[in-house]
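Please consult the sequence and the model while reading.

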Amino acid sequence: MSFATAALKDVTFFPFWLDNDAAPDVTPQHIGHTSADLLIVGGGFTGLWAAIQAKEADPDRDVMLIEAGKVAYGASGRPGGVVSTSIMHGLHNAERLFPKDIAELERLGQENMRGFLDTLDRHQIDAHNTWGGELTVAIGDGALPDVQAEHDLHRKYGHTVELLDKAAVQAQVNSPIFSGGCWSKDLSGTVHPALLAWGLKRAALSLGVRLHELTPMEQIDRDNGVLRVTTHDGTIKARKIMLGTNAFAAGDKRIKKRVAGIRDRIIATEPLSDEQLERIGWTNRQGIYDTRTQLNYMRMTRDNRITFGGRLTYYYDGTNNTDPAGERVVDPYLRLAEAFNRTFPQLDDVKFTHAWSGPIALTTRMAVHFQDYMDGDMVWVGGYSGFGISTSRFGARVALAKLDGVDLPELKMDFATSMPNTILPEPFRWIGSKVTLYALDTADEKGGWRHGWLKLVQAMGFPLS
């Protein structure tokens, strides 16, 4: 029996983060008819950050938040949990998209993380925060120029960053495939996503936000100039509406034209023993990304598990299904477990307890954007394409300003006044995704036509990293 098959033998197909006794009680669904100054649709990070910021800015504002399922049970309860100052999916992506604004975007990103930390402190949210930084690692000597470029770009914009050779990176994290690294140390690290979301939920309730779970939005229209949302069991009239639905693409069909619900897979080990921890080091507990075409990312949890992610997939027009049946079997996670074994062969006695996947709102921008509806009285915000835990706070802040007509300087910047390119409709989207994901899976090993295809996809606007 292979390592992957044995290690996944008794796995639970459910996010490790959500499998937690600390889960709060579910708030009652909305029943009947009501009104609000601001209605937020979506109980993930974007919606929660928006509700908190709206109430802290104006305690008298009547803010209501509805969530179709349970808070954090969509994308927000399923990520790897690495947070950073990046608000445009990394420095290279920001430079690619908005070169004239990158210095200001970096300042805003650092300001955003300080606000993030301040909220956790003021509301006493213990999200298992660990501020060991981010570590980008090279897989093989051929990738060393990539981490050198990452280091140089971070230095250029004032980050505290260290370039690591093979000996230095393996002193940080003992993996035989790591040949170098770039360690960015400021305002970045890891959090427990579900504990963060549940802490934000508690904070929102304490501020007076009316929060209703199990309340799916079914329709939006106007009633005598006021927006009216129909839910399963009632209606809500609101002056302003923010859609924080991200990959689930609720609302106008225009969202789906620019957003694809790609799924990312993660596995979590059992807690490592002290002896197993000694085999890998990792005492600084950085969040780690590698440089491969089909990258892997990993981090340590407070109870000494390793979560290990990667291996993208796409289901035909499947953005609204949190748990497709195809993700609740062992086969999709075998290659991910094999990648774990290549990364940490010294942990050949470890077992995986949890395996899950989650939706990423992929766009050609791979960064947040905004869409207006109902003559500007409703705004959708999302498209983080990963990096959403901390970026969602920034996106929610800018979306609130946009919704309320606030003269915020950020609203004049290119990221707020432009949109990502449209994506091919089905079935071409599904066909293209399958070819692209296969090429990503095999390009580093087999090359050939795959590199040409990936260059074509990049030329269409997707940076694929």
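On a 1 Å grid over the protein atoms alone, a cavity is a set of points where a 1.4 Å probe fits but cannot get out, and a pocket is an open set with protein on both sides within 12 Å along at least five of seven lines; lining residues have an atom within 4 Å of a point. The model is predicted: local features need pLDDT of at least 70 and side-chain atom pairs pLDDT 80 or more, while totals for chains, interfaces and linings use all residues. Residues are numbered from 1 along each chain as its sequence is written, and side-chain values use heavy atoms, without hydrogens and water.

**Largest cavity**
- The largest cavity has a volume of about 50 Å³, a volume being the space filled by probe spheres set on grid points joined across faces, edges and corners.
- Of its 13 lining residues, the closest to the centre are Asp323, Glu327, Tyr333, Trp356 and Ser357.

**Second largest pocket**
- The second largest pocket has a volume of about 250 Å³.
- Its lining includes Gln53, Asp58, Arg61, Arg393, Arg397 and Asp404.
- Helix H11 (388-404) gives the most to this lining, with five residues; helices are DSSP runs of H or I of at least four residues, numbered from the N terminus.

**Threonine 343**
- Threonine 343 lies in helix H10 (residues 331-343).
- A polar atom of the threonine 343 side chain lies 2.8 Å from the backbone oxygen of alanine 339.

Technical notes. Helix = DSSP H or I, 4+ residues; strand = E, 2+ residues; numbered from the N terminus. Polar contact = N/O pair within 3.5 Å; in protein donor to acceptor, adjacent residues only side chain to side chain.
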